[in-house]
Amino acid sequence: MSKLIVTPKRSQFVSLPHYLLIDGKMIGLFKEQVSIHLPAGYHSVTLRSTFRFVENTVALSVGINECVILNYSDRERWWNILFNIDVLLWLIKRFSTFGEPWDTVYEVLSNGFFVIWMLRIWLIRKNYFQFTIKRASV
């Protein structure tokens, strides 16, 4: 039997769960790393976010007694940093005010970035994850 290891490229501060589908069949929900024994051949591996419309599929060929390591990352690193800053400002704003005109500027920027982020997620939803494949013998 061959082996497939699916793992994130870099560890994240907060790791969200993802669905793993192989050949269209749901394997399960995982957060960190998963290792699966597969028969040799061609397989379609889909990684799906908990938001069901965000996913990406890669076709793999797995040889006999071969270990395939599928590293994945998302395309949202800079947006996540911006989102974290926005959440921090939102928390500060709940306990104090920035004063005019800064309250209005914050609301326009925060809501504008949210709309742009949602539009971007919708546009890249089928290519959200980036994959790198490494091969080794078992």
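Which side chain meets that of Arg135 in a salt bridge? In this predicted model, the partner is Glu66, with an N to O distance of 3.4 Å. Arg135 belongs to strand S8 and Glu66 to strand S7, so the contact ties together parts that lie 69 residues apart in sequence. Arg135 is partly exposed, at 43% relative accessible area. Glu66 has a relative accessibility of 17% and counts as buried, because the cut-off is under 20%.

Strand S7 spans residues 66–74. Of its 9 residues, 8 are buried, so the rest of the structure largely encloses this strand. S7 pairs with strand S8 (residues 129–137) through 9 bridges, in the antiparallel sense. Strand S1 (residues 2–8) runs parallel to S7 and is joined to it by 6 bridges. Tyr72 of S7 takes part in both pairings: it stands opposite Pro8, and its bridge partner in S8 is Phe131.

The salt bridges number 3 in total. One of them joins the side chains of Arg48 and Glu55 at 2.8 Å, N to O. Both residues are buried: Glu55 has a relative accessible area of 14%, and Arg48 has a relative accessibility of 17%. Glu55 also forms a salt bridge with Lys126, at 3.3 Å from N to O. This pair links distant parts of the chain, 71 residues apart. Lys126 sits in the loop between helix H2 (102–123) and S8, whereas Glu55 lies in strand S6 (residues 55–62). Lys126 is partly exposed, with a relative accessible area of 44%. Through shared partners, salt bridges join Arg48, Glu55 and Lys126 into one network.

Conventions. Residues numbered from 1 in each chain as written. Predicted model: local features only at pLDDT ≥ 70, side-chain atom pairs only at ≥ 80, totals over all residues. Heavy atoms only, no water. Buried < 20%, exposed > 50% of the residue type's maximum accessible area, 1.4 Å probe, protein only. Helix = DSSP H or I, 4+ residues; strand = E, 2+ residues; numbered from the N terminus. Pairing = 2+ DSSP bridges. Salt bridge = Lys/Arg side-chain N within 4 Å of Asp/Glu carboxyl O.
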